[in-house]
Amino acid sequence: MASSKPKKEFGNMTDASGDELKLLGVWDSPYVNRVQIVLNLKGISYEYIEEDLMNKSDLLLRSNPVHKKVPVLIHNGKPIAESQVIVQYLDDAFPNAGVLLLPSDPFERAVARFWAVYVDDKVGSPWYTILFAKEREEKLEAAARAISAMETIEAAFREKNAAEGAPFFGGDGIGFVDVVLGSYLGWFRVIEKMIGVRILDAARTPLLAAWAERFEAADAVRGVLPDDVDKVIDFLQTFLH
Amino acid sequence: MAGGGGGELQLLGTWSSPWVIRVRVALAMKGLSYEYIEQDLPNLKSELLLRSNPVHKKVPVLIHRGQPVCESLVILDYVDDAWASVGPPLLPADPYDRATARFWANYINDTFVPSWRVLIRSTTAEQRAEAFKSVVPHVETLERAFGECSKGKAFFGGDAAGLVDVALGGHLVWIRVVDEVSGTKLFDEDRFPGLAAWAERFFDLDAVKQVMHDAGEVLKLYKGFLAK
């Protein structure tokens, strides 16, 4: 169990002093990482609890009985599951925490939600297949699907964000889509080593490659995404029988 | 009828789609007028559909002042945000209750519906029995969810129907049609009294009665699929 204080560089720390926050997670899960990034962005301190997915804690099983998965955020004893639900919850529950992940304009919110759903569906599902499919063929097919999705996302970024001169999907600052897509960046490097395929390739998607560098350089992100590729691959082996 | 009319709101849909019904129920609950444009999918993808949903080329698409919103749950959120002061809210005000509603809407979309659709696609008695067995645990979960969310009231959303009611309710006619053809009863009143009673109340809502597709027509369509 580790106590996590948010990076002090965020200026005013959110006064969540009356609140008790726990995050149940696994260190290399993109879904957990995005929640950690958001907590950092908002300057909210929390207790991080690393779960052993082969031996799930009573707390996890009680807190997410439906899916028994991480991340689970427990706020003053009340559990919230599903990473995108958690991120939106943090916006709702801590509205004065400086950074809001979703924009205030209803249409812009809808655009952000659309792309967040798209990313987890068209990049996240292939990610899972690449990790757990038995046959290399299946992994390669999944990688091709993810690459196609990245090209679609690149076009969207070009038409909107780049056209507006915005460094992030969220505009001047990191937003919902940034943390959702950005949470896979460490894994893209792992996948390159695992199957020799680049999901993010500057030659194919130059805007996203540049965006990725900006995202990973952000204070809220540094130290969160897994960066030791071999450590991730070794850890993954423990889940494959 | 509240604003949103005068050409500023259009819905692209297909009459038989439960995802389109979700949006139509929400718009009816908010009392919004709009132009409904039936799409001839999968035969013909109209210019308007291709322009409005180039990524998925699917319905429903809500077009508000020329700006398209896609994905039914995203549309429901949008309707709630854009017409926050009009009609009843789809999502509760309390952040934790909102998160709970979003969780169950996702469960319905990502877990329950895909499992139930295996039953729709089943053509033999064995397939149907397998599919039904697989979906029942999800119905058990939804029955528990109903108890927790409704807290003794009529709907998942409490006194008034909300996001979760609409997300699940949009599928009710299809659920009944598939039940009739496969000889099953998904929301059986003995096993799942909460859901069975909820379904009746949902069907009774004015907003639902206004827009729900006709069970006879859906049955004809479904039998047509099975015959192919």
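Biologist: How do you know that the side chains of Glu200(B) and Arg176(B) meet in a salt bridge?

Modeller: Their N to O distance is 2.7 Å, and a salt bridge asks for a side-chain nitrogen of Lys or Arg within 4 Å of a carboxyl oxygen of Asp or Glu, so the pair qualifies. This is a predicted model, in which local features need pLDDT of at least 70 and side-chain atom pairs count only at pLDDT 80 or more, while totals for chains, interfaces and linings use all residues. Residues are numbered from 1 along each chain as its sequence is written, chains are lettered from A and ligands numbered from 1 in the order in which they are written, and side-chain values use heavy atoms, leaving out hydrogens and water.

Biologist: What makes Glu200(B) partly exposed?

Modeller: Its relative accessibility is 46%, and buried means under 20%, exposed over 50%, partly exposed in between (1.4 Å probe, protein chains only), so Glu200(B) falls in the middle class. Arg176(B), at 37%, is partly exposed too. By contrast, Asp159(B) has 61% and therefore counts as exposed. Asp159(B) forms a salt bridge with Lys153(B), with the closest N and O atoms 3.5 Å apart.

Biologist: Why is Arg113(A) called buried?

Modeller: Because its relative accessibility is 5%, which is under the limit for buried. Arg113(A) lies in helix H4 of chain A. Helices here are DSSP runs of H or I with at least four residues, and strands are runs of E with at least two, numbered from the N terminus.

Biologist: What joins the side chains of Arg113(A) and Asp81(B)?

Modeller: A polar contact of 3.5 Å. The term covers N or O atoms within 3.5 Å; within protein, one must be able to donate a hydrogen and the other to accept it, and residues adjacent in sequence count only if both atoms are side-chain atoms. Arg113(A) also forms a salt bridge with Asp81(B), the closest N and O atoms being 3.5 Å apart.

Biologist: Which residues supply 28% of the area that chain A buries against chain B?

Modeller: Let's take the whole interface. About 2,100 Å² is buried between the two chains, and carbon and sulfur atoms give 72% of it. Phe107(A), Arg113(A) and Phe114(A) supply that 28%, more than any other three residues. Buried area is the accessible area (1.4 Å probe) that two parts lose on being put together, summed over both. In contacts, with heavy atoms within 4.5 Å, 24 residues of chain A meet 23 residues of chain B. The interface also has 4 salt bridges.

Biologist: How do you know that the length of helix H1 of chain A agrees with its 12 residues?

Modeller: The expected span is 1.5 Å times one less than the number of residues. For residues 30–41 that gives 16 Å, and the end C-alpha atoms are 16 Å apart, so the two agree. H1(A) is mostly covered, with 12 of its 12 residues buried. Gly43(A), with a positive phi near 65°, follows the helix.

Biologist: What makes S3 and S4 of chain B a pair?

Modeller: Strands pair if DSSP finds at least two bridges between them. Here 4 bridges join S3 (residues 61–64) to S4 (residues 67–70), and the strands run antiparallel. Val61(B) stands opposite Cys70(B) in S4(B). The hairpin has 2 residues between the strands, and Arg65(B) takes a positive phi near 50°.
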